[in-house]
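Colleague: I am new to this structure and would be grateful for a guided introduction. May I put some questions to you?

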Amino acid sequence: MKEDRIRWNKKYTDRDLPIEPSDIVRRFHHLAEPGRALDIAAGNGRNAMFLAEQGFDVVAADISEQGLRRIVGVHEKLHPLCVDLDIFEIPEKRFHLIINNLFLNRRLYPWIIRGLVKGGILIFETYIDFPDNGSHRHSPDYRLDENELLRVFASLHILYYEETGRRMDEGEARLASLVAQKK
């Protein structure tokens, strides 16, 4: 955990990262009933900030206090939570919206499903393949298998799913994007 925190804190102090919300969050957040939202691996809070501005009461969970620093105290509906996602337990039936953007921790899959209220929305987008930039992310631990999100979240009502190539800061990547609703 300590090594992860150091690595991510360094990322947020050494690089300028996007501050605009991700396209998928911007396109689909309105499907969720206004209420509590969880941003898993919130990073610098770009999606959490957007959701708070849309009226959601947002928990922004991330291991990096440097990433979360940008959003501390900026909105009354925004609650940064510095936590190790390898041990984090999402409270049951708590969230109207859960987002997981450009992060993968398979241990969280069942917690995500349990964390949604009935009718709650999941927005999940992350890598299938990465640009060849020497990153640790080439490990299968950090990338999805094809159709993995469809299999894992089959108990939810799938509203949108796509696997596509996209130009990222580091180069070309393949992403899987899923929007689903808890029945």
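The questions and answers below concern this predicted model.

Colleague: How many helices and strands are there in the chain?

Modeller: From the N terminus on, the elements run α-α-β-α-β-α-β-β-α-β-α-β-β. The chain therefore can be described by its two kinds of element, DSSP runs of helix and of strand. The count is six helices and seven strands.

Colleague: What percentage of the residues in the chain is buried?

Modeller: A residue counts as buried when its relative accessible area is under 20%. The chain has 183 residues, and the buried share of them is 49%.

Colleague: Why is helix 3 described as largely enclosed by the rest of the structure, and how many of its residues are buried?

Modeller: Helix 3 spans residues 46–53. Its buried residues are Arg 46, Asn 47, Ala 48, Met 49, Phe 50, Leu 51 and Ala 52.

Colleague: Which strands are included in what covers the buried residues of helix 3?

Modeller: The cover includes one helix, helix 2 (23–28). It also includes strand 1 (36–40), strand 2 (57–62), strand 3 (78–82) and strand 4 (95–101).

Colleague: Which residue just after helix 3 takes a positive phi?

Modeller: The phi in question is about 105°. The residue that takes this value, just after helix 3, is Gly 55.

Colleague: Which residue forms a salt bridge with Arg 26?

Modeller: Side chains of opposite charge can pair when their charged atoms come close. For Arg 26, the closest N and O atoms of the pair are 3.5 Å apart.

Colleague: Is Glu 148, which meets Arg 106 in a salt bridge, buried or exposed?

Modeller: The two side chains meet at 2.7 Å, N to O. The pair links distant parts of the chain, with Arg 106 in the loop between strand 4 and helix 5 (109–115) and Glu 148 in helix 6 (residues 148–152), 42 residues apart. Arg 106 is partly exposed at 30%. Glu 148 has a relative accessible area of 5%, so Glu 148 is buried.

Colleague: Which residues are linked with Glu 146 in a network of salt bridges?

Modeller: Glu 146 forms a salt bridge in which the closest N and O atoms are 3.4 Å apart, its partner being Arg 174. Glu 146 lies in the loop between strand 5 (116–129) and helix 6, and Arg 174 in strand 7 (residues 171–181), so the pair ties together parts that are 28 residues apart in sequence. Both residues are partly exposed, Glu 146 at 47% and Arg 174 at 27%. The network links Glu 146 with Glu 163 and Arg 174.

Colleague: Which residues does Ile 112 touch, not counting those up to four places away in sequence?

Modeller: Ile 112 is one of the residues that touch the most other members of the largest nonpolar core, which has 27 residues. The elements giving two or more residues to this core are strand 1, strand 4, helix 5, strand 5 and strand 7. Ile 112 touches Ile 40, Ile 90, Ile 98, Leu 122, Phe 124 and Phe 153.

Colleague: How many residues does the other core hold?

Modeller: This core lies apart from the largest one, and its residues include Ala 32, Ala 48, Leu 68 and Leu 78. Of these, Ala 48 is also among the buried residues of helix 3. The number of residues in this core is 23.

Technical notes: Residues are numbered from 1 along each chain as its sequence is written. This is a predicted model: local features need pLDDT of at least 70, side-chain atom pairs count only at pLDDT 80 or more; totals for chains, interfaces and linings use all residues. Side-chain values use heavy atoms; hydrogens and water are left out. Buried means under 20% relative accessible area, exposed over 50%, partly exposed in between (1.4 Å probe, protein chains only). Helices (H or I, at least four residues) and strands (E, at least two) are DSSP runs, numbered from the N terminus. Contact means heavy atoms within 4.5 Å. A salt bridge is a side-chain nitrogen of Lys or Arg within 4 Å of a carboxyl oxygen of Asp or Glu. A nonpolar core is a set of buried Ala, Val, Leu, Ile, Met, Phe, Trp, Tyr and Cys residues joined through side-chain atoms within 4.5 Å.
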